[in-house]
Amino acid sequence: MALSGFDIDSPRWDQSTFIGRLKHFANITDWRTALLPDSRLDEAKTLVETCRVGSVPPGTTEEQLHYAKKLYDSAFHPDTGERMNLIGRMSFQVPGGMAITGCMLQFYRTVPAVVFWQWVNQSFNALVNYTNRNAASPITTTQIGVAYLTATSTALATAVGLNLYTKKAPPLVARWVPFAAVASANCVNIPMMRQQELLNGIAVTDENGNKLGHSKKAAVKGITQVVVSRVTMAAPGMSTCQRFRREGGREGLENLSPNLQTMERGALVGCVGVLVFMVPAACSLFPQQCSMAVSKLEPELRESIVSRYGDRVPYVYFNKGL
């Protein structure tokens, strides 16, 4: 089969449907890709870029091209093309989330332990949020530092405050407080970590990728969808873990050594497929390439687009992040 005209950026699955997006994200969030060395990822990037200019190496199969694109999408940012840090990749959500969840379930009896592991969790979330932001707009080191401090401190205060409330809350309420803490922390962490997008807007383009300007309203829409996705991602895992903290501990997990308890609880979340399924499923709730009608943009940007293109550009597009 001739591959000289192979369009490597054409989606393998229909991105307008949930099932199509689920297949796509199940492919690129595969945790096994996080185990590959940078050299292998760079090889995949080289093959993808070579294919984009129409020069496919002799003997390359279509399956090899699809696998190279899988590795590229899992490890390189869609806006910049730069390799993302390992911990911030969505493919690291399963091993990273399992480890942190196991520790949070094990070390929860004292306030210092709760504070420390919530800080670790919120720092992990902040790194993931920064890594998967819309990177079309520049951000300085100072802005990154301010975003991290505000995101982790406010999310930490929210999560710890609500978790400590479980000690005096009625049983029915206490059951849902840990999930509420995670949900509330995400509602704070994500916008704080991506606050420059909210303050300055994110780059929007036409359907051909031509930049049209920056929109704060587009940023609000994209970040809101990301918050919904991330809360959905955490919900089943937190519910399962809380049940094991209440019931599993009384039925024998507390009799294990601390290390085995941590491994048991962490493995619980991963082995039942909660994170393995929920990471791609939550990412698939909304298209990553988000759209917004020109009529809903800020007046200045809307007038600028209409004056240049008339009604030929009814929608703008942007990467909402993950």
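Start with the residues around the second largest cavity, which divide into three nonpolar, four polar and three charged. In this classification Ala, Val, Leu, Ile, Met, Phe, Trp, Tyr, Cys and Pro count as nonpolar, Asp, Glu, Lys and Arg as charged, and the others, Gly among them, as polar. To display the lining, select Arg133, Asn134, Ser137, Pro138, Ile139, Met193, Arg194, Gln195, Gln196 and Glu197. About 70 Å³ of space lies inside, and the search of the whole structure finds two cavities of 30 Å³ or more. Helix α9 (residues 195-200) contributes most to this lining, with three residues.

Some terms apply from here on. The search runs on a 1 Å grid over the protein atoms alone: a cavity is a set of points where a 1.4 Å probe fits but cannot get out, a pocket is an open set with protein on both sides within 12 Å along at least five of seven lines, and lining residues have an atom within 4 Å of a point. Grid points are joined across faces, edges and corners, and a volume is the space filled by probe spheres set on the points. Helices (H or I, at least four residues) and strands (E, at least two) are DSSP runs, numbered from the N terminus.

The model is predicted: local features need pLDDT of at least 70 and side-chain atom pairs count only at pLDDT 80 or more, while totals for chains, interfaces and linings use all residues. Residues are numbered from 1 along each chain as its sequence is written, and side-chain values use heavy atoms, with hydrogens and water left out.

Next, select threonine 140, in the loop between α5 and α6 (141-165). Threonine 140 is partly exposed, at 42% relative accessibility; buried means under 20% relative accessible area, exposed over 50%, and partly exposed in between (1.4 Å probe, protein chains only). Draw a C-alpha to C-alpha distance from threonine 140 to glutamine 196: the two are 56 residues apart in sequence and 9.8 Å apart in space.

The charged end of arginine 133 sits over the ring of tyrosine 130, 4.0 Å from its centre. The criterion is NZ of Lys or CZ of Arg within 6 Å of the ring centre and within 35 degrees of the ring normal.

The whole structure holds three aromatic pairs. Phenylalanine 116 and tryptophan 117 have ring centres 5.1 Å apart and planes at 85°, so this pair is edge-to-face. Phenylalanine 116 also pairs with tryptophan 119, in a tilted arrangement with 6.0 Å between centres and 40° between planes. Rings of Phe, Tyr and Trp (its six-membered ring) pair if their centres lie within 6.5 Å; planes under 30 degrees apart count as stacked, over 60 as edge-to-face and the rest as tilted. Phenylalanine 116 and tryptophan 119 are separated by about one helical turn because they lie three residues apart in helix α5 (residues 111-131).

Tryptophan 117 is buried at 18%, whereas phenylalanine 116 is partly exposed at 41% and tryptophan 119 is partly exposed at 39%. Glutamine 118 is also in helix α5 and is buried, with a relative accessible area of 5%. From glutamine 118 to alanine 185 the C-alpha distance is 10.0 Å, across 67 residues of sequence.

Move to the strands. Strand β1 (residues 202-205) and strand β2 (residues 211-215) pair in the antiparallel sense over four bridges, where pairing requires at least two DSSP bridges between the strands. Select alanine 203 and its bridge partner in β2, histidine 214. The two strands form a hairpin with five residues between them, and glycine 209 in the turn has a positive phi of about 90°.

Finish at the largest pocket, with a volume of about 1,100 Å³. Of its 47 lining residues, His24, Lys69, Asp73, Pro78 and Gln288 lie nearest the centre. Elements giving two or more residues to this lining are α1 (18-28), α3 (62-75), β1, β3 (289-293) and β4 (315-319). Helix α3 supplies the largest share, six residues. By class, the lining has 17 nonpolar, 20 polar and 10 charged residues.
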